[in-house]
Amino acid sequence: METSESAPLDVASIREEYPILQREFDGDQVAYLDNAATTQTPDRVVDAIADYYRTTNANVHRGIHHLSQEASLAYEEAHDKVAEFVGASGGREELVFTKNTTEAENLVAFAWGLNELGPGDEIVTTEMEHHASLVTWQQIGKRTGADVKYIRVTEDGRLDMDHAAELITDDTELVSVVHVSNTLGTVNPVGDIADIAHDHDAYAFVDGAQAVPNRPVDVEAIDADFYAFSGHKMAGPTGIGCLYGKQELLAEMEPHYYGGGMIRKVTFEDSTWADVPWKFEAGTPVIAQGVGLAEAVDYTEDIGVERIQRHEAELTEYAYDRLSEHDDVELYGPPPGPERGGLVSFNLEGVHAHDLASICNDFAVAVRAGDHCTQPLHDKLGVPASVRASFYVYNTREEVDRLVEAIDAARELFA
(Lines give C-alpha, C1' and ligand atoms only; values in the text may rest on other atoms or scores of the structure.)
Protein backbone atom coordinates (compact mmCIF):
# COMPACT_ATOMS: atom_id res chain seq x y z
CA MET A 1 0.00 0.00 0.00
CA GLU A 2 3.02 2.28 0.14
CA THR A 3 2.46 5.34 -2.05
CA SER A 4 3.94 8.76 -2.70
CA GLU A 5 2.79 11.68 -0.58
CA SER A 6 1.43 13.46 -3.65
CA ALA A 7 -0.77 10.58 -4.82
CA PRO A 8 -4.52 11.04 -4.32
CA LEU A 9 -6.10 9.16 -1.43
CA ASP A 10 -8.21 6.14 -2.42
CA VAL A 11 -10.78 6.49 0.34
CA ALA A 12 -13.03 3.74 -1.06
CA SER A 13 -10.22 1.18 -0.80
CA ILE A 14 -9.25 2.42 2.64
CA ARG A 15 -12.83 2.02 3.89
CA GLU A 16 -12.78 -1.66 2.88
CA GLU A 17 -10.25 -2.26 5.66
CA TYR A 18 -12.82 -1.16 8.26
CA PRO A 19 -15.79 -3.57 8.40
CA ILE A 20 -17.37 -1.49 11.16
CA LEU A 21 -17.98 1.31 8.65
CA GLN A 22 -20.35 -1.03 6.80
CA ARG A 23 -22.67 -1.34 9.81
CA GLU A 24 -26.22 -0.07 9.41
CA PHE A 25 -28.68 1.28 11.94
CA ASP A 26 -32.32 1.28 10.86
CA GLY A 27 -31.18 0.97 7.27
CA ASP A 28 -28.65 3.82 7.37
CA GLN A 29 -24.92 3.13 7.06
CA VAL A 30 -22.99 4.59 9.97
CA ALA A 31 -21.13 7.84 9.36
CA TYR A 32 -18.47 7.80 12.03
CA LEU A 33 -17.42 11.37 12.82
CA ASP A 34 -16.10 10.85 16.35
CA ASN A 35 -12.45 10.27 15.53
CA ALA A 36 -11.04 12.79 18.01
CA ALA A 37 -12.35 10.45 20.71
CA THR A 38 -11.24 7.19 19.05
CA THR A 39 -10.45 6.21 15.49
CA GLN A 40 -11.57 2.88 14.09
CA THR A 41 -9.06 0.03 13.76
CA PRO A 42 -8.22 -1.45 10.34
CA ASP A 43 -8.18 -5.19 9.72
CA ARG A 44 -4.41 -5.36 9.48
CA VAL A 45 -3.97 -3.98 13.00
CA VAL A 46 -6.63 -6.34 14.37
CA ASP A 47 -4.91 -9.20 12.54
CA ALA A 48 -1.51 -8.25 13.98
CA ILE A 49 -2.90 -8.37 17.52
CA ALA A 50 -4.74 -11.64 16.88
CA ASP A 51 -1.63 -13.16 15.29
CA TYR A 52 0.43 -12.21 18.34
CA TYR A 53 -2.03 -13.97 20.64
CA ARG A 54 -2.24 -17.03 18.37
CA THR A 55 1.47 -17.50 17.74
CA THR A 56 3.66 -15.57 20.20
CA ASN A 57 1.75 -14.88 23.41
CA ALA A 58 4.15 -14.96 26.37
CA ASN A 59 5.40 -12.59 29.03
CA VAL A 60 8.37 -10.47 28.10
CA HIS A 61 11.91 -10.29 29.48
CA ARG A 62 13.79 -12.86 31.52
CA GLY A 63 12.02 -15.78 29.83
CA ILE A 64 14.50 -18.25 28.35
CA HIS A 65 12.01 -20.09 26.14
CA HIS A 66 11.43 -19.23 22.49
CA LEU A 67 7.98 -17.65 22.92
CA SER A 68 9.17 -15.23 25.57
CA GLN A 69 12.15 -14.27 23.46
CA GLU A 70 9.92 -13.63 20.43
CA ALA A 71 7.45 -11.59 22.50
CA SER A 72 10.27 -9.58 24.07
CA LEU A 73 11.80 -8.78 20.69
CA ALA A 74 8.45 -7.69 19.25
CA TYR A 75 7.72 -5.52 22.28
CA GLU A 76 11.13 -3.87 22.29
CA GLU A 77 11.07 -3.26 18.53
CA ALA A 78 7.63 -1.68 18.91
CA HIS A 79 9.19 0.95 21.19
CA ASP A 80 11.88 1.66 18.62
CA LYS A 81 9.38 1.91 15.75
CA VAL A 82 7.10 4.34 17.56
CA ALA A 83 10.09 6.40 18.72
CA GLU A 84 11.33 6.70 15.14
CA PHE A 85 7.82 7.66 13.99
CA VAL A 86 7.84 10.78 16.19
CA GLY A 87 11.48 11.67 15.58
CA ALA A 88 13.01 10.41 18.82
CA SER A 89 16.56 9.43 17.86
CA GLY A 90 17.15 7.76 21.24
CA GLY A 91 14.78 4.91 20.39
CA ARG A 92 13.31 2.88 23.23
CA GLU A 93 15.38 4.78 25.80
CA GLU A 94 13.19 7.83 25.10
CA LEU A 95 9.82 6.11 24.60
CA VAL A 96 7.73 4.70 27.47
CA PHE A 97 4.53 2.75 26.86
CA THR A 98 1.62 3.76 29.07
CA LYS A 99 -2.07 2.90 28.81
CA ASN A 100 -3.05 6.29 27.31
CA THR A 101 -2.11 9.96 27.06
CA THR A 102 -3.62 10.62 30.48
CA GLU A 103 -1.32 8.12 32.16
CA ALA A 104 1.65 9.62 30.32
CA GLU A 105 0.72 13.03 31.75
CA ASN A 106 0.39 11.55 35.22
CA LEU A 107 3.70 9.70 34.90
CA VAL A 108 5.56 12.99 34.55
CA ALA A 109 3.40 14.66 37.17
CA PHE A 110 4.09 12.02 39.82
CA ALA A 111 7.59 10.89 38.85
CA TRP A 112 8.91 14.41 38.25
CA GLY A 113 6.40 16.95 39.57
CA LEU A 114 5.93 15.66 43.10
CA ASN A 115 9.67 15.36 43.57
CA GLU A 116 10.78 18.64 41.98
CA LEU A 117 8.04 21.23 42.58
CA GLY A 118 7.40 23.28 45.67
CA PRO A 119 6.11 26.65 46.93
CA GLY A 120 7.30 29.51 44.75
CA ASP A 121 7.51 27.33 41.65
CA GLU A 122 5.12 27.86 38.74
CA ILE A 123 3.43 25.58 36.25
CA VAL A 124 2.14 27.30 33.11
CA THR A 125 -0.51 25.66 30.96
CA THR A 126 -3.37 26.96 28.77
CA GLU A 127 -7.09 27.63 28.93
CA MET A 128 -7.72 25.11 26.13
CA GLU A 129 -6.13 22.10 27.84
CA HIS A 130 -7.81 18.72 28.04
CA HIS A 131 -8.61 17.67 31.61
CA ALA A 132 -5.80 15.09 31.33
CA SER A 133 -3.39 18.00 31.49
CA LEU A 134 -5.32 20.71 33.29
CA VAL A 135 -6.59 18.60 36.19
CA THR A 136 -3.29 16.77 36.57
CA TRP A 137 -1.19 19.90 36.96
CA GLN A 138 -3.89 21.63 38.98
CA GLN A 139 -3.80 18.81 41.54
CA ILE A 140 0.01 18.59 41.53
CA GLY A 141 0.03 22.31 42.26
CA LYS A 142 -2.24 21.74 45.24
CA ARG A 143 0.00 18.97 46.56
CA THR A 144 3.30 20.76 46.12
CA GLY A 145 2.32 24.39 46.69
CA ALA A 146 3.32 25.35 43.15
CA ASP A 147 1.22 27.99 41.40
CA VAL A 148 -0.63 27.05 38.19
CA LYS A 149 -1.15 29.77 35.59
CA TYR A 150 -3.09 29.67 32.32
CA ILE A 151 -2.23 31.19 28.94
CA ARG A 152 -5.30 32.98 27.60
CA VAL A 153 -7.25 31.86 24.56
CA THR A 154 -8.18 34.68 22.17
CA GLU A 155 -11.64 35.24 20.74
CA ASP A 156 -10.65 33.47 17.52
CA GLY A 157 -9.52 30.38 19.42
CA ARG A 158 -5.75 30.87 19.37
CA LEU A 159 -3.28 31.14 22.21
CA ASP A 160 -2.33 34.67 23.22
CA MET A 161 1.41 34.40 22.67
CA ASP A 162 2.08 37.82 24.22
CA HIS A 163 0.37 36.58 27.36
CA ALA A 164 2.43 33.39 27.19
CA ALA A 165 5.64 35.45 27.14
CA GLU A 166 4.42 37.33 30.23
CA LEU A 167 3.39 34.24 32.22
CA ILE A 168 6.49 32.17 31.60
CA THR A 169 9.17 33.51 33.94
CA ASP A 170 12.28 32.35 35.74
CA ASP A 171 9.96 30.90 38.41
CA THR A 172 8.34 28.62 35.82
CA GLU A 173 9.43 24.99 36.11
CA LEU A 174 7.20 23.44 33.45
CA VAL A 175 5.00 24.60 30.56
CA SER A 176 2.33 22.13 29.46
CA VAL A 177 0.56 22.81 26.17
CA VAL A 178 -1.76 20.88 23.90
CA HIS A 179 -0.44 20.51 20.33
CA VAL A 180 -3.90 20.43 18.72
CA SER A 181 -6.97 21.38 20.74
CA ASN A 182 -9.56 18.60 20.89
CA THR A 183 -12.33 21.22 21.09
CA LEU A 184 -11.22 24.20 19.02
CA GLY A 185 -9.05 22.32 16.56
CA THR A 186 -6.36 24.95 17.07
CA VAL A 187 -2.85 23.90 16.07
CA ASN A 188 -0.62 25.59 18.62
CA PRO A 189 2.94 26.85 17.96
CA VAL A 190 4.40 24.31 20.36
CA GLY A 191 7.97 24.85 19.15
CA ASP A 192 7.76 28.56 19.92
CA ILE A 193 6.32 27.82 23.35
CA ALA A 194 9.09 25.31 24.05
CA ASP A 195 11.63 27.99 23.10
CA ILE A 196 10.11 30.44 25.57
CA ALA A 197 10.10 27.77 28.28
CA HIS A 198 13.74 26.90 27.67
CA ASP A 199 14.73 30.57 27.75
CA HIS A 200 13.63 30.46 31.39
CA ASP A 201 15.16 27.02 32.13
CA ALA A 202 11.71 25.43 32.27
CA TYR A 203 10.66 22.13 30.74
CA ALA A 204 8.12 21.86 27.91
CA PHE A 205 5.45 19.15 27.99
CA VAL A 206 3.29 18.70 24.85
CA ASP A 207 -0.01 16.80 24.72
CA GLY A 208 0.06 15.38 21.20
CA ALA A 209 -3.01 13.14 21.35
CA GLN A 210 -4.71 15.03 18.50
CA ALA A 211 -1.53 15.69 16.51
CA VAL A 212 0.42 12.46 16.08
CA PRO A 213 -2.43 10.66 14.24
CA ASN A 214 -2.75 13.17 11.43
CA ARG A 215 0.32 15.34 10.94
CA PRO A 216 4.09 14.90 10.88
CA VAL A 217 5.48 15.24 14.41
CA ASP A 218 9.19 15.59 15.18
CA VAL A 219 9.69 15.85 18.91
CA GLU A 220 13.30 16.90 18.49
CA ALA A 221 12.45 19.68 16.03
CA ILE A 222 9.83 20.91 18.50
CA ASP A 223 12.45 20.50 21.24
CA ALA A 224 9.82 19.09 23.59
CA ASP A 225 11.17 17.71 26.83
CA PHE A 226 8.12 15.45 27.11
CA TYR A 227 5.52 14.55 24.48
CA ALA A 228 2.48 12.31 25.06
CA PHE A 229 0.01 10.61 22.71
CA SER A 230 -2.33 7.61 22.43
CA GLY A 231 -2.63 4.60 20.14
CA HIS A 232 -6.40 4.49 19.84
CA LYS A 233 -6.56 7.85 18.06
CA MET A 234 -4.23 6.69 15.27
CA ALA A 235 -5.82 3.41 14.08
CA GLY A 236 -4.22 1.48 16.93
CA PRO A 237 -5.75 -0.43 19.85
CA THR A 238 -7.10 1.02 23.05
CA GLY A 239 -5.08 0.51 26.20
CA ILE A 240 -1.78 1.94 24.99
CA GLY A 241 -0.27 5.40 25.05
CA CYS A 242 3.23 6.78 24.75
CA LEU A 243 5.46 9.17 26.62
CA TYR A 244 8.47 10.56 24.84
CA GLY A 245 11.02 12.08 27.17
CA LYS A 246 14.53 13.31 26.58
CA GLN A 247 16.88 10.54 27.53
CA GLU A 248 18.68 12.40 30.30
CA LEU A 249 15.42 13.48 31.92
CA LEU A 250 13.88 10.01 31.99
CA ALA A 251 17.13 8.57 33.31
CA GLU A 252 17.12 11.00 36.26
CA MET A 253 13.43 10.58 37.15
CA GLU A 254 12.31 8.17 39.85
CA PRO A 255 9.66 5.60 38.89
CA HIS A 256 6.09 6.46 39.85
CA TYR A 257 4.97 2.94 40.74
CA TYR A 258 6.71 -0.26 41.63
CA GLY A 259 6.68 -4.00 41.07
CA GLY A 260 8.07 -6.68 38.82
CA GLY A 261 9.84 -5.90 35.59
CA MET A 262 11.07 -2.46 36.61
CA ILE A 263 13.81 -3.45 39.05
CA ARG A 264 17.50 -4.20 38.73
CA LYS A 265 18.22 -5.55 42.23
CA VAL A 266 16.03 -5.99 45.29
CA THR A 267 17.04 -6.65 48.91
CA PHE A 268 14.97 -6.50 52.07
CA GLU A 269 16.38 -3.04 52.66
CA ASP A 270 16.33 -1.36 49.25
CA SER A 271 15.83 -1.65 45.48
CA THR A 272 17.43 -0.28 42.33
CA TRP A 273 15.75 0.29 39.02
CA ALA A 274 16.02 -1.09 35.51
CA ASP A 275 16.95 1.11 32.57
CA VAL A 276 14.48 3.35 30.73
CA PRO A 277 11.85 2.58 29.57
CA TRP A 278 11.40 -0.56 31.66
CA LYS A 279 11.71 1.21 35.02
CA PHE A 280 8.44 3.02 34.16
CA GLU A 281 6.61 -0.11 32.96
CA ALA A 282 6.06 -2.10 36.15
CA GLY A 283 4.28 -5.45 35.99
CA THR A 284 3.20 -7.25 32.85
CA PRO A 285 3.21 -4.45 30.27
CA VAL A 286 0.95 -3.70 27.31
CA ILE A 287 2.54 -6.30 25.05
CA ALA A 288 -0.23 -7.05 22.56
CA GLN A 289 -1.18 -3.39 22.44
CA GLY A 290 2.43 -2.51 21.66
CA VAL A 291 2.43 -4.98 18.76
CA GLY A 292 -0.82 -3.45 17.52
CA LEU A 293 0.50 0.09 17.82
CA ALA A 294 3.61 -0.82 15.83
CA GLU A 295 1.36 -2.14 13.07
CA ALA A 296 -0.72 1.06 13.24
CA VAL A 297 2.48 3.04 12.70
CA ASP A 298 3.27 0.92 9.64
CA TYR A 299 -0.28 1.47 8.40
CA THR A 300 -0.02 5.22 8.85
CA GLU A 301 3.35 5.38 7.12
CA ASP A 302 2.11 3.25 4.23
CA ILE A 303 -0.72 5.70 3.58
CA GLY A 304 1.48 8.72 4.33
CA VAL A 305 0.85 11.00 7.27
CA GLU A 306 0.99 14.09 5.04
CA ARG A 307 -1.79 12.62 2.91
CA ILE A 308 -3.87 11.95 6.01
CA GLN A 309 -3.31 15.54 7.11
CA ARG A 310 -4.30 16.88 3.70
CA HIS A 311 -7.44 14.72 3.57
CA GLU A 312 -8.56 15.82 7.02
CA ALA A 313 -7.88 19.46 6.17
CA GLU A 314 -10.03 19.23 3.04
CA LEU A 315 -12.91 17.63 4.95
CA THR A 316 -12.62 20.16 7.75
CA GLU A 317 -12.77 23.06 5.31
CA TYR A 318 -15.77 21.50 3.57
CA ALA A 319 -17.58 20.93 6.86
CA TYR A 320 -16.74 24.42 8.12
CA ASP A 321 -18.07 25.99 4.92
CA ARG A 322 -21.26 23.90 4.93
CA LEU A 323 -21.99 24.71 8.56
CA SER A 324 -21.20 28.41 7.98
CA GLU A 325 -24.03 28.62 5.45
CA HIS A 326 -26.49 29.06 8.33
CA ASP A 327 -26.47 32.01 10.72
CA ASP A 328 -27.89 29.89 13.54
CA VAL A 329 -24.78 27.69 13.70
CA GLU A 330 -21.99 28.96 15.93
CA LEU A 331 -18.55 27.55 15.16
CA TYR A 332 -15.63 27.59 17.58
CA GLY A 333 -11.93 27.92 16.89
CA PRO A 334 -9.90 29.39 14.04
CA PRO A 335 -11.01 29.13 10.40
CA PRO A 336 -9.76 26.29 8.18
CA GLY A 337 -6.08 26.46 7.35
CA PRO A 338 -2.69 25.47 8.73
CA GLU A 339 -3.72 26.51 12.25
CA ARG A 340 -6.69 24.14 12.43
CA GLY A 341 -6.77 20.36 12.84
CA GLY A 342 -9.32 17.88 11.55
CA LEU A 343 -12.41 18.71 13.59
CA VAL A 344 -15.21 21.25 13.95
CA SER A 345 -17.06 22.06 17.17
CA PHE A 346 -20.30 23.98 16.96
CA ASN A 347 -23.76 24.63 18.38
CA LEU A 348 -27.15 25.09 16.74
CA GLU A 349 -29.11 28.01 18.15
CA GLY A 350 -32.00 26.89 20.35
CA VAL A 351 -30.91 23.23 20.46
CA HIS A 352 -28.83 21.72 23.25
CA ALA A 353 -25.72 19.91 22.04
CA HIS A 354 -26.91 16.60 23.50
CA ASP A 355 -30.27 16.89 21.71
CA LEU A 356 -28.53 17.66 18.46
CA ALA A 357 -26.20 14.69 18.84
CA SER A 358 -29.19 12.47 19.55
CA ILE A 359 -30.89 13.58 16.37
CA CYS A 360 -27.66 12.98 14.45
CA ASN A 361 -27.68 9.48 15.90
CA ASP A 362 -31.18 8.97 14.47
CA PHE A 363 -29.54 9.54 11.08
CA ALA A 364 -26.71 7.10 11.99
CA VAL A 365 -24.27 10.02 12.16
CA ALA A 366 -21.90 9.55 15.10
CA VAL A 367 -20.70 12.82 16.64
CA ARG A 368 -19.60 13.78 20.14
CA ALA A 369 -21.55 16.15 22.40
CA GLY A 370 -20.54 17.61 25.74
CA ASP A 371 -17.63 19.60 27.07
CA HIS A 372 -15.04 17.24 25.49
CA CYS A 373 -13.06 17.17 28.76
CA THR A 374 -12.54 20.94 28.48
CA GLN A 375 -15.05 22.33 30.98
CA PRO A 376 -13.10 25.52 31.79
CA LEU A 377 -12.78 26.28 28.08
CA HIS A 378 -16.53 25.86 27.59
CA ASP A 379 -17.11 28.16 30.56
CA LYS A 380 -14.94 30.73 28.78
CA LEU A 381 -16.92 30.23 25.57
CA GLY A 382 -20.13 30.77 27.55
CA VAL A 383 -21.75 27.47 26.56
CA PRO A 384 -22.40 24.32 28.62
CA ALA A 385 -21.53 21.98 25.76
CA SER A 386 -20.86 21.74 22.04
CA VAL A 387 -21.16 19.22 19.25
CA ARG A 388 -17.92 17.97 17.68
CA ALA A 389 -17.48 16.31 14.31
CA SER A 390 -13.97 14.98 13.79
CA PHE A 391 -12.46 13.33 10.76
CA TYR A 392 -9.99 10.64 9.79
CA VAL A 393 -8.59 9.01 6.70
CA TYR A 394 -11.78 7.05 5.87
CA ASN A 395 -14.31 9.89 6.06
CA THR A 396 -15.98 11.44 3.03
CA ARG A 397 -17.75 14.60 1.93
CA GLU A 398 -20.95 12.60 1.65
CA GLU A 399 -20.75 11.92 5.39
CA VAL A 400 -20.41 15.65 6.03
CA ASP A 401 -23.52 16.19 3.91
CA ARG A 402 -25.38 13.67 6.04
CA LEU A 403 -24.31 15.61 9.13
CA VAL A 404 -25.75 18.78 7.62
CA GLU A 405 -28.99 16.95 6.77
CA ALA A 406 -29.31 15.85 10.39
CA ILE A 407 -28.76 19.42 11.56
CA ASP A 408 -31.44 20.61 9.12
CA ALA A 409 -33.83 18.06 10.61
CA ALA A 410 -33.06 19.28 14.13
CA ARG A 411 -33.64 22.87 13.04
CA GLU A 412 -37.08 21.96 11.73
CA LEU A 413 -37.95 19.89 14.78
CA PHE A 414 -37.10 22.67 17.24
CA ALA A 415 -38.51 25.52 15.14
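This is a short talk on one protein chain, from its overall build down to a few single residues.

Please keep in mind that the model is predicted. I will start with the whole chain. It contains 14 helices and 17 strands. How does its radius of gyration agree with that of a compact globule? For 415 residues, a compact globule would come out near 22 Å, and the chain has 22 Å, so the two agree. The C-alpha trace spans about 70 × 55 × 40 Å along its principal axes.

Next, burial and contacts. Of the 415 residues, 55% count as buried. If we take contacts between residues at least 6 apart in sequence, 71% of them join residues at least 24 apart. The accessible surface is about 17500 Å², and carbon and sulfur atoms account for 47% of that. As for charge, there are 29 positive and 76 negative charges, and their mean positions are 4 Å apart.

You will find Arg15 in helix H1, residues 11-15. Is Arg15 buried or exposed? Its relative accessible area is 12%, and the limit for buried is under 20%, so Arg15 is buried. Setting aside residues up to four places away in sequence, Arg15 touches Leu21, Gln22, Gln29, Tyr394, Asn395, Thr396 and Glu399. For another distance, take Val297, which is 282 residues from Arg15 in sequence and 18 Å from it in space, C-alpha to C-alpha.

The second residue is Glu103, which sits in helix H4, residues 101-116. Glu103 has 18% relative accessibility and therefore counts as buried. Which backbone atom does the side chain of Glu103 reach? That atom is the backbone nitrogen of Lys99, at 2.7 Å. Not counting residues up to four places away in sequence, Glu103 touches Thr98 and Tyr257.

Thr172 counts as buried because its relative accessibility is 1%. The side chain of Thr172 reaches the backbone nitrogen of Thr169 at 2.9 Å. Leaving aside neighbours within four places in sequence, the contacts of Thr172 are Glu122, Val124, Leu167, His200 and Ala202.

Last, some backbone details in the loops. Asp26 is not a glycine, yet it has a positive phi of about 55 degrees. Asp26 lies in the loop between strand E1, residues 24-25, and strand E2, residues 28-29. At 82% relative accessibility, Asp26 counts as exposed.

His61 also has a positive phi, about 65 degrees, although His61 is not a glycine. Where does His61 lie? His61 is in the loop between helix H2, residues 43-55, and helix H3, residues 66-85. With a relative accessible area of 21%, His61 is partly exposed.

Val276 and Pro277 are joined by a cis peptide bond, with omega about 5 degrees. On the structure, look for Pro277 in the loop between strand E12, residues 271-273, and helix H10, residues 287-303.

Definitions and conventions:
Residues are numbered from 1 along each chain as its sequence is written. This is a predicted model: local features need pLDDT of at least 70, side-chain atom pairs count only at pLDDT 80 or more; totals for chains, interfaces and linings use all residues. Side-chain values use heavy atoms; hydrogens and water are left out. Helices (H or I, at least four residues) and strands (E, at least two) are DSSP runs, numbered from the N terminus. The radius of gyration is taken over C-alpha atoms; the globule rule is 2.2 Å times the number of residues to the power 0.38. Buried means under 20% relative accessible area, exposed over 50%, partly exposed in between (1.4 Å probe, protein chains only). Contact means heavy atoms within 4.5 Å. Accessible areas come from the Shrake-Rupley method with a 1.4 Å probe; for residues, only the protein chains shown count as cover. Lys and Arg count as positive and Asp and Glu as negative; His and the chain ends are not counted. The place of a charge is taken as NZ of Lys, CZ of Arg, CG of Asp or CD of Glu. A polar contact is a pair of N or O atoms within 3.5 Å; within protein, one must be able to donate a hydrogen and the other to accept it, and residues adjacent in sequence count only if both atoms are side-chain atoms.
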